[in-house]
Amino acid sequence: MSQLDPTLVTAVLAGLERAVNAALDLDPGAGKALAGLEGKCFALACTAPAVSVYLLPGRDGLSLRGWYDGPITTRVRGAASDFAELASADDPAATLINGSLQLEGDSGALIQLQQIIAGLELDWEAPLVEVLGDVAGHQLAVFLRASFSTGREASLSLRRQLEEYLHEEGRLAPSRQEVEDFYRDLQALQQRVERLQSRLGRLRRRTQQGKHS
Amino acid sequence: MSDKRTTHFGYREVESEAKAGLVANVFHSVAARYDLMNDLMSGGVHRLWKRFTIELSGVRPGHRVLDIAGGTGDLASKFSRLVGETGSVVLADINESMLRVGRDKLIDHGVQGNLEYVQADAQALPFPDDHFDCVSIAFGLRNVTDKDQALREMLRVLRPGGRLLVLEFSKPGNELLGKAYDQYSFRVLPLMGKLVAGDSDSYQYLAESIRMHPDQETLLGMLEDAGFVNCEYHNLTGGVVALHRGFKA
């Protein structure tokens, strides 16, 4: 059970939800991408202080809730300090993987959601100051701004790490240079085959002319 | 000598049969300005209490929901969106004026298609057994004459596994907050009612009925006595309001 008064948590979530959805109204592409995640639920479970936030994307935007009983697509669990570490990390992707946060479920869908929100121009401060006052509202807004701007770097960094793993360590996919070399060789081979084909054609015609003469 | 049973109407002791009529008069009087008064009295916080109630409802597309004492339809409109085209919501209220104001408001807001309006008494619900996935009653139970009977009726119409949500004023946990709340209820509320709704008596009744309503633990026991299981409550705004939840086994 949440230790904070649910009224306060609900007020903060309602304010944030309004900020996110106002930004989504101005970004139809992000709205459409979010609709693609409809039916999924992402849980951010903070153990100290004990408060959970559930993010439910849908056609009407993003719904933020303090309670949710249904199935969870992805759950990230940790103390507030772990989330803060993630927000201030130089390489958030590595922190997410190697840090104290526990990740359960579909991480791909979570990264998709994070990228959509990170791409939005969000005004975190206004709704939070309205609910929590100038000091606490500003502090939380700074934290959220840091989370999502580093979140943007996190997705880039994660993509870079994934590429490196696929190419160098796993050898599961060729590098760009290897692919280009392969295509160049393939093109050269194709040209040589075509030239060979036309030479064979010429030889065949000559042989047939020799027979008739 | 009269052996008629009595109950409370605010701080007054009245005959049980008379309470429904007296409560009806209160709500006939305040119906037109009910939403405005709710916003003024709670500083808009009642919207957060209702939002929290929706979160705990677990209502999903396709569900059948009954909102008792649904009044001006704040919860019903949100449920209507959640259950979608495949679900249904019944907005029930014993008071014709409240039901009319609620219905007009929701139609004006384009909320329709999966919503029905039924004038019904919480103590004798006109619905079959095991019918609804969720039953809610927000700021209505304290006005019901026989609360135990109403809770049993709510259990009857719920499907096994279905849940009841009771949002109601309750007892603040902090003594200082309790005193401030008393001052506000008995001094500011009736004055506000007089200025805005032109009716201080109804708001005096509101304050008194809140004090006479069972506190958190007592209501929890009533839910359990009625047959609900896994009962719990959440204090909101320091216990000024509490949300009780129980399930049908």
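The bend at a residue is the angle between axes fitted to the seven residues ending there and the seven starting there. In this predicted model, helix 7 of chain B bends by about 35° at Val188(B). A proline, Pro190(B), follows within four residues.

**Helix 7 of chain B**

The helix covers residues 175–197 of chain B. At 1.5 Å a residue, its 23 residues should span 33 Å, and the end C-alpha atoms are 30 Å apart, so the two values agree. At the start of the helix, a side-chain oxygen of Asn174(B) comes to within 2.7 Å of the backbone nitrogen of Leu176(B). Just after the helix, Gly198(B) has a positive phi of about 65°.

Which residues of helix 7 of chain B are buried? They are Gly178(B), Tyr181(B), Ser185(B), Leu189(B), Pro190(B), Met192(B), Gly193(B), Val196(B) and Ala197(B). Their cover includes helix 2, strand 7 and helix 8 of chain B.

**Chain A and its confidence**

Chain A has an average pLDDT of 79, and 77% of its residues score at least 70. Two of its elements mark the ends of the range of mean pLDDT.

| Element of chain A | Residues | Mean pLDDT |
|---|---|---|
| Helix 7 (lowest) | 134–169 | 65 |
| Strand 3 (highest) | 61–65 | 92 |

**Where the chains meet**

In chain A, 15 residues are in contact with 18 residues of chain B. About 1400 Å² is buried between the two chains. Carbon and sulfur atoms give 54% of that area. Thr7(A), Thr10(A) and Trp67(A) supply 39% of the area that chain A buries against chain B, more than any other three residues.

Key: Residues are numbered from 1 along each chain as its sequence is written. Chains are lettered from A and ligands numbered from 1 in the order in which they are written. This is a predicted model: local features need pLDDT of at least 70, side-chain atom pairs count only at pLDDT 80 or more; totals for chains, interfaces and linings use all residues. Side-chain values use heavy atoms; hydrogens and water are left out. The expected span of a helix is 1.5 Å times one less than its number of residues. Buried means under 20% relative accessible area, exposed over 50%, partly exposed in between (1.4 Å probe, protein chains only). Contact means heavy atoms within 4.5 Å. A polar contact is a pair of N or O atoms within 3.5 Å; within protein, one must be able to donate a hydrogen and the other to accept it, and residues adjacent in sequence count only if both atoms are side-chain atoms. pLDDT is the predictor's confidence in each residue, from 0 to 100. Buried area is the accessible area (1.4 Å probe) that two parts lose on being put together, summed over both.
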